[in-house]
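Dear colleague,

Please find below the sequence and the structure that I am handing over to you. My notes on what was found follow directly after.

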Amino acid sequence: MNERATYIVMLGPPGAGKGTQAKVIAEELGLMHVSTGDLFRENLSRETELGKLAASYMNAGELVPDDVTIAMVEERLGREDCVKGAILDGFPRTPAQAEALDELLTRLGGKVDLVPFIKVPNEVLIERLSGRWMSRSGRVYHALYNPPKVKWLDDEDGSELYQRDDDKPETVAHRINVYYEQTSPLIDYYQKAGTLVEIDGTQDIEVVTKDLLKVAKA
Ligand code: AP5
């Protein structure tokens with residue numbers, strides 16, 4: 001018998017640890033990690049029209065328009081590798097995206113099963129984003145909290161790490177404001193749906209992972 005696909009939405013402000021955790025729990029649960037930020041950055045590195053459009057919003061710390069983002073997610077979740085479900089990281093980010101996701105998952109025969117809300121205070125977010133180092137393939141490090149074995153080099157393939165353009169202090173501050181204005185209403189949306197579970201994101205990375213796996217496997 002075919003089991004229904006599982007969809008988990010990682011919710012939380014920029015720097016809460018959504019990407020760090022989504023990677024680990026996706027592997028552990030055998031689900032795809034679908035990150036809208038990573039998809040936009042991949043498009044940008046391939047210099048597609050979508051990438052160029054997204055960059056103009058991302059570099060300013062603004063959200064990419066809903067219609068473009070929703071169409072990209074719809075295409076991604078429809079692919080064969082998402083047949084068992086996905087961990088959504090960075091999507092939805094507006095009430096319109098949340099409603100579109102509900103409709104899309106209904107069509108795919110699923111629903112949003114769980115929404116871990118990773119809670120972290122603003123001062124910690126700023127410190128995390130200013131020390132974040134990324135690999136081109138999307139692995140996430142931190143200069144102090146999760147350093148690579150060799151400074152500025154990826155543990156897996158030895159390639160050079162970089163800092164994201166939108167991690168500049170002024171852009172970070174704006175991204176946090178955009179989160180409070182446009183994304184935080186989703187806390188209420190998923191609380192009403194009965195899927196929201198609050199996770200203390202200030203703990204060590206491994207402890208947060210343990211808490212997430214506990215609720216995902218419950
Ligand atoms: P996106 O890439 O999704 O960025 P974000 O949501 O702002 O989230 P971040 O990637 O900044 O943070 P995170 O929570 O994943 O934290 P991380 O694990 O890296 O989006 C970028 C842009 O794309 C947006 O601004 C927008 O323009 C556009 N976009 C994307 N999705 C969109 C959508 N749906 N609609 C419209 N536009 C969209 O961790 C951060 C750092 O902290 C790392 O260095 C990590 O090592 C460290 N860390 C993590 N956890 C811990 C811990 N527990 N203790 C200590 N350090 C930790």
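Helix 2 supplies the largest share of the shell around the ligand, with four residues. (Helices, H or I, of at least four residues and strands, E, of at least two are DSSP runs, numbered from the N terminus.) This is a predicted model, in which local features need pLDDT of at least 70 and side-chain atom pairs count only at pLDDT 80 or more, while totals for chains, interfaces and linings use all residues. Residues are numbered from 1 along each chain as its sequence is written, and side-chain values use heavy atoms, with hydrogens and water left out.

The ligand site

There are 36 residues around the ligand, and of these Thr-20, Glu-62, Arg-93, Arg-132 and Arg-175 come nearest; a residue belongs to this group if one of its heavy atoms lies within 4 Å of the molecule. By class, the shell consists of 13 nonpolar, 13 polar and 10 charged residues. Here Ala, Val, Leu, Ile, Met, Phe, Trp, Tyr, Cys and Pro count as nonpolar, Asp, Glu, Lys and Arg as charged, and the others, Gly among them, as polar.

The protein buries 96% of the 1000 Å² that the ligand exposes when taken alone. These accessible areas come from the Shrake-Rupley method with a 1.4 Å probe; for residues, only the protein chains shown count as cover. Two or more residues of the shell come from each of helix 1 (18–29), helix 2 (36–45), helix 6 (122–130) and strand 6 (140–142).

Thr-69 is found in helix 4 (residues 66–77) and counts as buried because its relative accessibility is 4%. (Buried means under 20% relative accessible area, exposed over 50%, and partly exposed in between, with a 1.4 Å probe and protein chains only.) A polar atom of the Thr-69 side chain lies 3.0 Å from the backbone oxygen of Pro-65. Beyond its neighbours within four places in sequence, Thr-69 is in contact with Thr-36, Phe-40, Val-64, Phe-91 and Gln-97, where contact means heavy atoms within 4.5 Å.

Thr-209, in helix 9 (residues 205–217), is also buried, with a relative accessible area of 10%. Its side chain makes a polar contact with the side chain of Gln-21 at 2.6 Å and reaches the backbone oxygen of Ile-205 at 2.9 Å. Not counting residues up to four places away in sequence, Thr-209 touches Gln-21, Val-24 and Ile-25.

Leu-11 sits in the loop between strand 1 (6–10) and helix 1. Why is Leu-11 classed as buried? The reason is its relative accessible area of 3%. Among its contacts outside four places in sequence are Lys-18, Pro-92, Leu-186 and Tyr-190. The C-alpha atoms of Leu-11 and Tyr-190 are separated by 9.9 Å, although the two residues are 179 residues apart along the chain.

Two packed helices are described by the angle between their axes and the distance between the axes. Helix 5 (residues 95–107) and helix 8 (residues 185–193) pack at about 35 degrees, with axes 9 Å apart. The axes are lines fitted to C-alpha atoms, for helices over the stretch in contact, and angles run from 0 to 180 degrees between N-to-C directions. Helix 5 contributes Pro-95, Ala-98, Glu-99, Leu-101 and Asp-102 to this contact, and helix 8 contributes Pro-185, Leu-186, Tyr-189 and Tyr-190. These residues divide into seven nonpolar, no polar and two charged.

Backbone geometry

Most residues other than glycine have a negative phi, and most peptide bonds are trans. A cis peptide bond joins Phe-91 and Pro-92, with omega about -5 degrees; Pro-92 lies in the loop between strand 3 (85–89) and helix 5.

Glu-47 has a positive phi, near 55 degrees. This residue lies in the loop between helix 2 and helix 3 (49–58) and counts as exposed, at 60% relative accessibility. Trp-152 also has a positive phi, of about 65 degrees. Its place is in the loop between strand 6 and helix 7 (169–183), and Trp-152 is partly exposed, at 33% relative accessible area.

With kind regards

Technical notes
Polar contact = N/O pair within 3.5 Å; in protein donor to acceptor, adjacent residues only side chain to side chain.
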